[in-house]
Amino acid sequence: MEELALHILDLLENALAAGARHILITIVEDEDRDQVTIEVQDDGRGMGPETLQKVLDPFYTTRTTRKVGLGLPLLQATAAQCGGKVALESRPGQGTRVAVTMKLSHPDLPPLGDMGATIATALSREEPVELVYYHRRGPKEFHFSSAWLQLHLGEVPLNCGPVLDWVQRYINKGLAELFGGEGK
């Protein structure tokens, strides 16, 4: 995938398909350690040890619509290409945590991409989900919480068009400030 945001979108789709109602996305860019860590943690149905061992195999999927599941294997390939690795933790009934670490200065590290669109897409579903996105880059931080937004919106649903447009702009503006206007 050409952007990290597309990998994150795939992880969000997996979490939502697993019935997650709370999702935490954390991205930490640590220039001192030359490392970027991306973590997606959910409270979906989780996986047992046997399934967890198979999910990095591209010919394993729980979907009935196709016979391959490329999301996690592609993420693992991107991580390996960038001097990193993928760590998976999951327990049935308790959710899943996917953590990816990569070398921040690696020339093959994909750009972050459109995180605003990624978060807005996850919130566009009919099923309610509480989503928290935290991004730290050195001493700077950006934080988004769908619960905070819902509190301010009252009865207005998060998945209506104008709200999703606002979410996308808000997140991308926050990230632009995080990156000091230098792009992502």
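Let me begin with Arg 125, which forms a salt bridge with Glu 127, the closest N and O atoms being 3.8 Å apart. Please bear in mind that this is a predicted model. The two residues belong to a network that also takes in Glu 13, joined through salt bridges that share partners. Arg 125 is partly exposed, at a relative accessible area of 25%, and Glu 127 counts as partly exposed at 37%.

In total, the structure holds five salt bridges. In one of them, the side chains of Glu 29 and Arg 137 meet at 3.2 Å, N to O. Glu 29 lies in strand 1 and Arg 137 in strand 5, so this pair ties together parts that are 108 residues apart in sequence. Both Glu 29 and Arg 137 are buried.

A further salt bridge joins the side chains of Glu 39 and Arg 97, at 3.2 Å from N to O. Here, too, distant parts of the chain are linked: Glu 39 is in strand 2 and Arg 97 in strand 4, 58 residues apart. Glu 39 is buried, with a relative accessible area of 18%, the cut-off for buried being under 20%.

I turn now to the helices. How do helix 1 and helix 4 pack? Their axes are 9 Å apart, at an angle of about 10°; the two helices are therefore roughly parallel. Helix 1 passes helix 4 in a right-handed crossing. Among the residues in contact are Leu 9, Leu 12 and Glu 13 of helix 1, with Met 115 and Thr 118 of helix 4. By class, this contact has seven nonpolar, two polar and one charged residues.

Conventions:
Residues numbered from 1 in each chain as written. Predicted model: local features only at pLDDT ≥ 70, side-chain atom pairs only at ≥ 80, totals over all residues. Heavy atoms only, no water. Axes fitted to C-alpha atoms, helices over the stretch in contact; angles between N-to-C directions. Helix = DSSP H or I, 4+ residues; strand = E, 2+ residues; numbered from the N terminus. Parallel < 35°, antiparallel > 145°, perpendicular 65-115°, else oblique. Left-handed = near helix turned anticlockwise from the far one by under 90°. Contact = heavy atoms within 4.5 Å. Nonpolar A, V, L, I, M, F, W, Y, C, P; charged D, E, K, R; others polar. Salt bridge = Lys/Arg side-chain N within 4 Å of Asp/Glu carboxyl O. Buried < 20%, exposed > 50% of the residue type's maximum accessible area, 1.4 Å probe, protein only.
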